[in-house]
Amino acid sequence: MRTTVDFHPSENDISVIQMLAEKEKGMRFSLYHNWDIAKGYYKEGHFSVLKLNSRPIGYSAWREYDNEYVKIEFIWIDSFYKKKGFGQEFQIQLSKYFQKFGYAVIVVSCASNEGDKLSKRMGFIPCEHEYCDNNNDRYLPLNPYQTATFISDTSKICKYIEYGSEASSIVRKVSLDNIS
């Protein structure tokens, strides 16, 4: 099985994702999807689709802040594919993409316990800044030599990167590969 992330998805990809998300509505761990907002991100080019063998199975949408950092506003995977490593692979590909364009940091808001657990495994650090919307915000530094201006304690970041968990080591190794 081959996963890819399409950073220029088609309208059809969006329709498939919307249909998958809507079928989960009302399920125990369903996530509210504001499609008007998500489609706005799509129109701005801030939307990606996770595909398995060319079939959409998840999506992410983000906003940019001063070309320094991005905040992932939505990240979702079809419940059939959860807890199978696809979320981690998705996050790794997103990290590589954002690093390629020179962003220093990714911020993510964890709307579910699953998302919070994944962000911790991936090495995201609790965020304590005015730009963070809530207590569930976490950030991941992409480059130890570059920081976004909202991060005041860079020694914490550098120490974390140097002594980070095994999960963050995976992210660092992947993000340092040549990015095409």
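Q: Where is the place of H46?
A: H46 is found in the loop between helix 2 (35-44) and strand 2 (47-52), where helices (H or I, at least four residues) and strands (E, at least two) are DSSP runs numbered from the N terminus. Please keep in mind that this is a predicted model, in which local features need pLDDT of at least 70, side-chain atom pairs count only at pLDDT 80 or more, and totals for chains, interfaces and linings use all residues. Residues are numbered from 1 along each chain as its sequence is written, and side-chain values use heavy atoms, with hydrogens and water left out.

Q: Ok, is H46 buried or exposed?
A: H46 is buried, because its relative accessible area is 12%, and buried means under 20% relative accessible area, exposed over 50%, and partly exposed in between (1.4 Å probe, protein chains only).

Q: Which residues is H46 in contact with, leaving aside its neighbours within four places in sequence?
A: H46 is in contact with Y41, S60, A61, W62, R63 and E64, where contact means heavy atoms within 4.5 Å.

Q: And what does the side chain of H46 make a polar contact with?
A: The partner is the side chain of E44, at 3.4 Å. A polar contact is a pair of N or O atoms within 3.5 Å; within protein, one must be able to donate a hydrogen and the other to accept it, and residues adjacent in sequence count only if both atoms are side-chain atoms.

Q: Which strands pair with strand 2, then?
A: Strand 1 (residues 3-6) pairs with strand 2 in the antiparallel sense over 4 bridges, and T3 stands opposite L52 there. Strand 3 (residues 55-65) also pairs with strand 2 in the antiparallel sense, over 6 bridges, with A61 as the bridge partner of F47. Two strands pair if DSSP finds at least two bridges between them.

Q: What do strand 2 and strand 3 form together?
A: They form a hairpin with 2 residues between them, and N53 in the turn has a positive phi of about 50 degrees.

Q: New topic: how many aromatic pairs are there?
A: The count comes to 15 aromatic pairs, using the rule that rings of Phe, Tyr and Trp (its six-membered ring) pair if their centres lie within 6.5 Å, with planes under 30 degrees apart counted as stacked, over 60 as edge-to-face and the rest as tilted. The rings of F7 and W62 have their centres 6.3 Å apart and their planes at 65 degrees, so that pair is edge-to-face. F7 lies in the loop between strand 1 and helix 1 (11-23) and W62 in strand 3, so the pair ties together parts that are 55 residues apart in sequence.

Q: Which residues form the aromatic cluster with F7 and W62?
A: Y97, F98, F101 and Y103 form one aromatic cluster with F7 and W62.

Q: Last one: how many helices and strands does the whole chain have?
A: The protein chain has 6 helices and 7 strands, and buried residues make up 45% of its 180 residues.
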